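Please have the sequence and the structure at hand while reading.

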Amino acid sequence: PEGLDYRVVLDNTRVITASIDEVVVTLLMTLVLVVLTVYVFLQNGRATLIPALTIPVSLVGTFAVMSLIGYSINQFTLFGLVLVIGIVVDDAIVVVENAIRHLAAGGVSPREAATRAMREITGAVIATTLVLLAVFVPTAFMPGITGRLFQQFAVTISVATCFSTVNALTLSPALCALLLKAPAPG
């Protein structure tokens, strides 16, 4: 018997590999931009650490949920991750900035500053999440082939946004209370 000849007509692995590389580059660029922006505007090294930690926490949670519901890493989930990387850090930056503002006003501990900050912005954080979900959740229910294609995209963004909110309401204020220091008098 003669050998079997074959020819690869379509190789999606190249596209997926390029997409994964793009997600990694976007993630690194986001981390660098977040650290630089927070440091430049707040002049506080400890404050830069808090938003930088929320990105991987949100993404790991998103990957866990994707795995649980049977989604794979494909072009649509990767596209959703590239878009959502910038979103997952916004709420944490708002929390840190507000806690720093209360610390700078003086007379409060980092824990009290985080508590006051959360009293002021919890509603806004939840409202921005609901607005984002109002845009992306309906996309998951689109009918037909287009709906099936964009379902994973919409679910990926929605899940990451929810993890970002949970981080902003729990992890970020806790880290503010632990890591931030009251400014030295004078």
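Which residues of helix 3 (residues 75-84) are buried? The model is a predicted one, and in it the buried residues of helix 3 are Thr77, Leu78, Gly80, Leu81 and Val84. Viewed down the axis of helix 3, these buried residues fall within an arc of 160 degrees, so they line one face of the helix. Their cover includes helix 1 (12-42), helix 2 (45-68), helix 4 (87-105) and helix 6 (144-179).

| Pair | Angle | Axis distance |
|---|---|---|
| Helix 4 and helix 6 | about 25 degrees | 8 Å |
| Helix 2 and helix 4 | about 155 degrees | 9 Å |

Angles under 35 degrees count as roughly parallel, so the angle of about 25 degrees makes helix 4 roughly parallel to helix 6. The crossing of these two helices, helix 4 and helix 6, is right-handed. On the helix 4 side, the contact is made by Ile87, Val88, Asp91, Ala92, Val95, Val96 and Ala99, which meet residues of helix 6 including Ala160, Ser164, Ala168 and Cys176. By class, this contact of helix 4 with helix 6 has 10 nonpolar, four polar and one charged residues.

Angles over 145 degrees count as roughly antiparallel, and helix 2 and helix 4 are therefore roughly antiparallel to each other. Their crossing is right-handed. Ala47, Ile50, Pro51, Thr54, Ile55 and Ser58 in helix 2 touch Val88, Val89, Ala92, Ile93, Val96 and Ile100 in helix 4. The contact of helix 2 with helix 4 has 10 nonpolar, two polar and no charged residues.

Key:
Residues are numbered from 1 along each chain as its sequence is written. This is a predicted model: local features need pLDDT of at least 70, side-chain atom pairs count only at pLDDT 80 or more; totals for chains, interfaces and linings use all residues. Side-chain values use heavy atoms; hydrogens and water are left out. Buried means under 20% relative accessible area, exposed over 50%, partly exposed in between (1.4 Å probe, protein chains only). Helices (H or I, at least four residues) and strands (E, at least two) are DSSP runs, numbered from the N terminus. The arc is that of the directions from the helix axis to the C-beta atoms. Contact means heavy atoms within 4.5 Å. Axes are lines fitted to C-alpha atoms, for helices over the stretch in contact, and angles run from 0 to 180 degrees between N-to-C directions. Angles under 35 degrees count as roughly parallel, over 145 as roughly antiparallel, 65 to 115 as roughly perpendicular and the rest as oblique. A crossing is left-handed if the near helix is turned anticlockwise from the far one by less than a right angle, and right-handed if clockwise. Ala, Val, Leu, Ile, Met, Phe, Trp, Tyr, Cys and Pro count as nonpolar, Asp, Glu, Lys and Arg as charged, and the others, Gly among them, as polar.
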